[in-house]
Amino acid sequence: MMVQRRDTRVNERGSALVYILIAIALLAALTLSFMEPSGQQTQSQNTFKTISEIESQAEYIRTAIQECVILHEKGDNTIDNSPTGSDPGANKKFPIKPTSTHFTGATPPADTDDFVEYLRCPGNPGDDNNHKRIFTAETGKFLPPPPPLFEKWEYYNGDDGIFFWTHTTKSDSYLQTALAKLEEKFGKCEADTVVAGGSAVDLDTDGGVECPANSTCFRVWMTIKGSPAVFQEAGCPN
């Protein structure tokens, strides 16, 4: 009887040891399962945040410009959009580039950069180069800082149509994923991504604006004229 009890205790200890080893193995597997997706979760969160911020800012800019056009639909007929004028091919109803010589003598005078934050509304006042700025305390519209890792939004109104864009020099993999998904959200004729390698890439037919070397640019189109090369294969309308 004594031997049987001793054997029972030994078996119980052996069974307990097996359960302990199984528990340790399960805990290790569980820990590993939590650790591995951590990087993926961070990647997904960064991707979602980038998409959300760029999309919301792009829509805000587009809406502000469209509001200007609707409220002051006559634009500024004194803008010279002839091939040799101050704004070749520009649509006179939409804001022209902030650096335009059309603003010579205007208040305020022409800006030194074509940033979206400097956009002015033609037609306000009409046929006068003292265009009111769109993003000011007077209008109650303020352009937020550019999305993290991206530069300020820039603007174009010329022979190829009207677009605005931002760029990044960062190479984080989630940025490329975010921009690819953004293109899908905007549609093939509304937005595109331009990747510049060791040299800058022209964003317009005339080569007046560029995606800087070693940068990735995300561009949002408001109007397209002449079906720029980037969209010819996509079958976008002229």
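Modeller: Contact, as the word is used below, means heavy atoms within 4.5 Å. The model under discussion is a predicted one.

Colleague: Of the contacts in the chain with a separation of 6 or more, what percentage do residues 24 or more positions apart account for?
Modeller: The chain comes to 3 helices and 8 strands, and read along the sequence these follow the pattern α-β-β-β-β-α-β-β-β-β-α. Among the contacts with a separation of 6 or more, the part that residues 24 or more positions apart account for is 58%.

Colleague: What percentage of the residues of the chain count as buried?
Modeller: The accessible surface of the chain comes to about 13400 Å², and 55% of that surface belongs to carbon and sulfur atoms. Buried means under 20% relative accessible area, and of the 238 residues of the chain the part that counts as buried is 36%.

Colleague: Which residue of strand 4 does Tyr 155 stand opposite?
Modeller: Strand 3, residues 154-158, is joined to strand 4 by a hairpin through 2 residues. These two strands run antiparallel, with 5 bridges between them. In strand 4, the residue that stands opposite Tyr 155 is Phe 164.

Colleague: In strand 8, which residue is the bridge partner of Val 194?
Modeller: Strand 8, residues 215-224, pairs with strand 4 in the antiparallel sense over 8 bridges, and in strand 8 the residue opposite His 167 is Cys 217. Strand 5, residues 191-196, also runs antiparallel to strand 8, joined to it by 6 bridges. Strand 8 is mostly covered, with 9 of its 10 residues buried. The bridge partner of Val 194 in this strand is Cys 217.

Colleague: Where does the largest share of the largest nonpolar core come from?
Modeller: The largest nonpolar core has 29 residues, and those with the most contacts inside it are Val 116, Tyr 155, Phe 164 and Phe 218. Helix 1, strand 4, helix 2 and strand 8 each supply at least two residues of this core. The largest share amounts to 8 residues, and it comes from helix 1.

Colleague: How many residues has the other core, which lies apart from this one?
Modeller: In the largest core, Val 116 is one of the residues with the most contacts, and residues up to four places away in sequence aside, Val 116 touches Ile 61, Phe 135, Leu 143, Trp 153, Glu 154, Tyr 155 and Phe 164. Apart from that core lies another, which includes Val 194, Leu 203, Cys 217 and Trp 221, and its number of residues is 11.

Colleague: How far apart in space are Asn 46 and Tyr 174, C-alpha to C-alpha?
Modeller: Asn 46 lies in helix 1, residues 2-71, and is partly exposed with a relative accessible area of 28%, whereas Tyr 174 is among the buried residues of helix 2. The two are 128 residues apart in sequence, and their C-alpha to C-alpha separation in space is 6.8 Å.

Colleague: Is Gln 57 buried or exposed?
Modeller: Gln 57 lies in helix 1 and, leaving out residues up to four places away in sequence, touches Pro 144, Pro 145, Pro 146, Pro 147 and Trp 153. Its relative accessible area is 5%. The cut-off is under 20%, so Gln 57 counts as buried.

Terms used:
Residues are numbered from 1 along each chain as its sequence is written. This is a predicted model: local features need pLDDT of at least 70, side-chain atom pairs count only at pLDDT 80 or more; totals for chains, interfaces and linings use all residues. Side-chain values use heavy atoms; hydrogens and water are left out. Buried means under 20% relative accessible area, exposed over 50%, partly exposed in between (1.4 Å probe, protein chains only). Helices (H or I, at least four residues) and strands (E, at least two) are DSSP runs, numbered from the N terminus. Two strands pair if DSSP finds at least two bridges between them. A nonpolar core is a set of buried Ala, Val, Leu, Ile, Met, Phe, Trp, Tyr and Cys residues joined through side-chain atoms within 4.5 Å. Accessible areas come from the Shrake-Rupley method with a 1.4 Å probe; for residues, only the protein chains shown count as cover.
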